[in-house]
Amino acid sequence: MDGMDTKARRAWNAIRECVARKRYIVLPHFIERMDQRGYFWPDVLAIIDEPTDVRSDGLDRLDRPKWIVSGKAAAPLDETVEIVCVLDKDDRGRVTVFITIY
């Protein structure tokens with residue numbers, strides 16, 4: 001993605017790294033929304049791998065940086081989807097928390 005600013009690129013790289021290292025938490029709300037909309041984990045991975053946009057959404061209620069990653073769901077849906085996640089840290093390092101998907 002060429003138009004991504006430095007902060008967004010850093011966040012995107014952190015999210016990708018967390019997913020690659022299986023350092024993520026998927027909240028029940030995220031799973032509910034995936035089920036409601038017919039999305040599967042490959043859709044999430046497709047969006048994270050090749051986003052059309054990554055933008056800050058401020059801080060969540062725990063003061064963690066919140067990010068929205070937009071992209072296309074895997075075929076056959078081929079629709080624009082947005083993922084809301086936060087970046088956090090625990091005693092083992094970075095963690096991405098998946099909040100919702102729409």
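Author: The discussion below moves from the whole chain to one residue. Please note that the model is predicted.

Reader: How many helices and strands does the protein chain have, and which pattern does it follow along the sequence?

Author: One begins by listing the elements in order. Here the protein chain has 3 helices and 5 strands, arranged along the sequence as α-β-α-α-β-β-β-β. The radius of gyration is 13 Å, close to the 13 Å from the globule rule for 102 residues, so the chain is as compact as a globular protein of that length. The C-alpha trace spans about 40 × 35 × 25 Å along its principal axes.

Reader: What percentage of the residues count as buried?

Author: Of the 102 residues, 38% count as buried. The protein chain exposes about 6200 Å², and carbon and sulfur atoms supply 50% of that area.

Reader: Where does Glu-82 lie, and is Glu-82 buried or exposed?

Author: For a single residue, one places it in an element and then compares its accessibility with the cut-off. Glu-82 belongs to strand β4, which covers residues 80-90. Its relative accessibility is 17%; buried means under 20%, so Glu-82 counts as buried.

Reader: With which side chain does the side chain of Glu-82 make a polar contact?

Author: The partner is the side chain of Arg-55, at 2.9 Å. Leaving aside residues up to four places away in sequence, Glu-82 touches Arg-55, Ile-68, Val-69, Ser-70, Thr-100, Ile-101 and Tyr-102.

Reader: How far apart are the mean positions of the positive and negative charges of the protein chain?

Author: For the 17 positive and 18 negative charges, the mean positions are 5 Å apart.

Notes:
Residues are numbered from 1 along each chain as its sequence is written. This is a predicted model: local features need pLDDT of at least 70, side-chain atom pairs count only at pLDDT 80 or more; totals for chains, interfaces and linings use all residues. Side-chain values use heavy atoms; hydrogens and water are left out. Helices (H or I, at least four residues) and strands (E, at least two) are DSSP runs, numbered from the N terminus. Buried means under 20% relative accessible area, exposed over 50%, partly exposed in between (1.4 Å probe, protein chains only). A polar contact is a pair of N or O atoms within 3.5 Å; within protein, one must be able to donate a hydrogen and the other to accept it, and residues adjacent in sequence count only if both atoms are side-chain atoms. Contact means heavy atoms within 4.5 Å. The radius of gyration is taken over C-alpha atoms; the globule rule is 2.2 Å times the number of residues to the power 0.38. Accessible areas come from the Shrake-Rupley method with a 1.4 Å probe; for residues, only the protein chains shown count as cover. Lys and Arg count as positive and Asp and Glu as negative; His and the chain ends are not counted. The place of a charge is taken as NZ of Lys, CZ of Arg, CG of Asp or CD of Glu.
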